[in-house]
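Me: I would like to go through this protein with you. Could we start with the overall picture?

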Amino acid sequence: MVDTVVSFVLDNLSRVLVSEVTLLSGVKDQIKPLSEELKFMNIFIKSSEGKHDDPVVREVVNQIRDVAYEAEDVIDTYVVNVNNQRSRNMLGKLLHSKDHVMTLHEVNDRITTIKRRIDDIYENKSKYGIQQGDFESHFRNKEFAEDSLLARRRDVEEEEVVGLVHDSDEVINHLGSRGDSSRKVVCILGMGGLGKTTLARKIYNSDKIKTMFRVWGFVSNDYRAEELLINLLKCLGLSVEECKDLNDQEKMKGEVRKRMSGKKYLLVLDDIWKTQVWDELQEAFPDDDKGSRILITTRVQDISHYTRATFTYKLPFLDETQSWELFCRKVFCKKNCPLELEPPGKEMASACKGLPLAIVVLAGMVAKKERSPREWHKIKNHVSWYLAQEEEYRIVTNILKLSYDDLPQTLKPCFLYLGVYPEDYEIHVRTLCQLWIAEGFIQKKEVGPSNSPEVEDIADMYLDKLVERSLVQVASRRTDGGVKTCRVHDLLRDLCISESSENKFMEVCTTLDANKCNPRRMSLQYRGNLRLTKDNQSSARSLLVFGERTIWKSKSEGWKQIENGFKLARVLHMNLVELHSQPSGLKSLIHLRYLKLIVGSLRIAGDVLTCICNLCNLEMLHLEFHRDSDHLALPSKIWKLESLRRIYFRQLYAKWDCTGVSMLSVENGETSMENLQTLGFIHLDSQLASVLNKGMFPNLTKLSLWQHLNKSNDEILEKILQCLNKLRTLKVHNISRLPLDPNVYPRSLSKITIRRHCEIDSRLIKTLGQLVNLQILNLELASMHYDVNCAAGDFPQLQVLRVKLYKRLPGRWKIEEGGMPHIRYCDPENLLNRDQD
């Protein structure tokens, strides 16, 4: 992990030396030799990989990490100070010229001190006989082997986990009515990682249970009644907006009870830790003598007694046969294990002592190793040493640590970063990948020739690798098969947090006394209104906020602390913190790469947009706002931010009518934005057409458009589409008419989403059917009452069709032979009527 830290610093110093050459006047000569010293130290760290258990080596490695951090702080702080001085007016510059000299002097002194510390580290290495290790083990670690097992292992689903057939039959048998129609509670009890949730999910999806009305609720140790009730209400069909209208816990419970009354239901309450959960929620679950059942999973046996469960199933460990079967499924994907590998393989499986999570994680690591007796015996001996400990939790932790240690260096920070999310959090993968990119985990130097993957594609690959190694659980998938949301098991999350804390990589703070740790990355997971303290977080590069909705009405409530304490920040992910004051200090955060903010009005949104025009390193902008007017314009200076890759706007709680963002005209001679790929929720008007016609966004791949109701801009839309020859995803909101000429649409289009008020008729469907690369078509409309005929040859590559109507049911789509030849998913299922003649 430490070599990754030093690599980040080296990459940052190299970038700063190039991009901030004018700001570094006076200190450049000092930075270059410092950078060279760190390169040699990074070589030592990589060559000593695997030896960090030695306390002396570990101490030297930690000292190198601290020196690298300090060097990064010095340079980044200097760049901020010089930039702030440049932004002052002429009088201010004259008054503060002396400060600039003092800053140069201070930087020189600090760099000199750092060099002395480096000399001390070299002296300690020599004193204690620490030599550079063997490079062979480092370079033998291939990050992305061509024989990836991802495709071959994807068909091993959770419901096929061995040892659960008898378990599920046993629990389902006790979930039956047995002549008693009153509401009953059944409990699954076991230690963490034993498979309680997997068993409950298998039961939940069983054909024997599907006749019941089913609801699933995640509870977790960090339980809050309101959050759980909202999740249950979403399962029961309420929208996010409707849930927010029920701002009282009693109202929420009443709505849950109302929607479940009169039904024979199965309610799963997954991972209960406290009896308080049952006290607060049981009245929300009706007992209508319909034979309803509540299935609870827990690690705490008292929960079973307290809820008066009629049956408690203690989930057993897997026996040796089951353990070996599970191990083989994960490693060989249903193929047979070679005979010469069976002895060490069975010993490895047996060493996990029947704990499914340990077996799955270990197998995920073994699957990436060479399939040779020598390699497997080496792993077997290592696992046996770890599993020799008596404490079960330590056994699991060590197994997880073994899998973590085996990760390529590029994947380690990506995995540890998952610890920034709260327990049982359903992580949106695209947001996670954007954060990885902004943090620098996916280096742009990895993207070489023009035919190499984009950084977003590499981020997806990284996530697939973590899923493949069973370090990440897939919560849901996109229609194209990719991971949409994911989760991290509690034990794995604990590993992320402990490793991150040890390496000063990240700290999770659950109280507002968060500033004591002064980490590089801070994840605030709080309750109540967020109020940051005044302590300086001079080293913090990232602030991610998870908690309850907080409104900052003035700078003193939090933004002042951000602009003063997070001057070096690269990531600000302000989830559920709503800004109602001018963020004037935002413009000084010039290292910022990722910014997500919620603002209380379009006026504040305009202030934010004005401020960010100074953020030359900004790559991702995600701005959410309430509607209080019908216009928000992007300042033309924003197009000077050449690093921008994604601009996305979202109106909160929008239903049918909504507010978009308008462009301002771009001056002639503006530089094209080669990096911009996503432009979201932009108003369709002549300004947008002007920008695109000038070739400002040659690599735009995703575009989301909006227009006022009852306005038509057919010609403008045609001009826009003809300018975007790399566009892959198009979303349109409230656009009344779309072009009927298929030649207008870019050939690269693979996904189209049409929402709200739009005139959809057979002519437009015929046009869309001629798009040769269209794979996904989503229609979310008011009504569509006519039948559609899909002729042979129409939609040649379409795989997914979704039709969601708010007023009338859709007409039938008659598919002639040869139409939609590759369709694999349709919603609703009975929409298509395929001609069998």
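Reply: The protein has 28 helices and 26 strands; helices (H or I, at least four residues) and strands (E, at least two) are DSSP runs, numbered from the N terminus. This is a predicted model, in which local features need pLDDT of at least 70 and side-chain atom pairs count only at pLDDT 80 or more, while totals for chains, interfaces and linings use all residues. Residues are numbered from 1 along each chain as its sequence is written, and side-chain values use heavy atoms, with hydrogens and water left out.

Me: What share of the residues is buried?
Reply: Of the 837 residues in the protein, 53% are buried. Buried means under 20% relative accessible area, exposed over 50%, and partly exposed in between (1.4 Å probe, protein chains only).

Me: Now the helices. At what angle do H10 and H12 pack?
Reply: Helix H10 (residues 225–235) and helix H12 (residues 249–260) pack at an angle of about 30°, and their axes are 10 Å apart. Axes are lines fitted to C-alpha atoms, for helices over the stretch in contact, and angles run from 0 to 180 degrees between N-to-C directions. H10 and H12 are therefore roughly parallel to each other, as angles under 35 degrees count as roughly parallel, over 145 as roughly antiparallel, 65 to 115 as roughly perpendicular and the rest as oblique.

Me: Which residues meet there?
Reply: From H10, Ala 225, Glu 226, Leu 229, Ile 230, Leu 232 and Leu 233 meet Gln 249, Met 252, Lys 253, Glu 255 and Val 256 of H12. Contact means heavy atoms within 4.5 Å.

Me: Which residues have a positive phi?
Reply: Most residues other than glycine have a negative phi. Among those with a positive value are Arg 308, with phi near 55°, and Met 820, with phi of about 45°. Arg 308 is exposed, with a relative accessible area of 73%, whereas Met 820 counts as buried at 0%.

Me: And where is Met 820?
Reply: Met 820 is in the loop between strand E24 (813–815) and E25.

Me: Which peptide bond is cis?
Reply: The bond from Asp 827 to Pro 828 is cis, with omega near 0°. Pro 828 is in the loop between strand E25 (825–827) and strand E26 (832–834).
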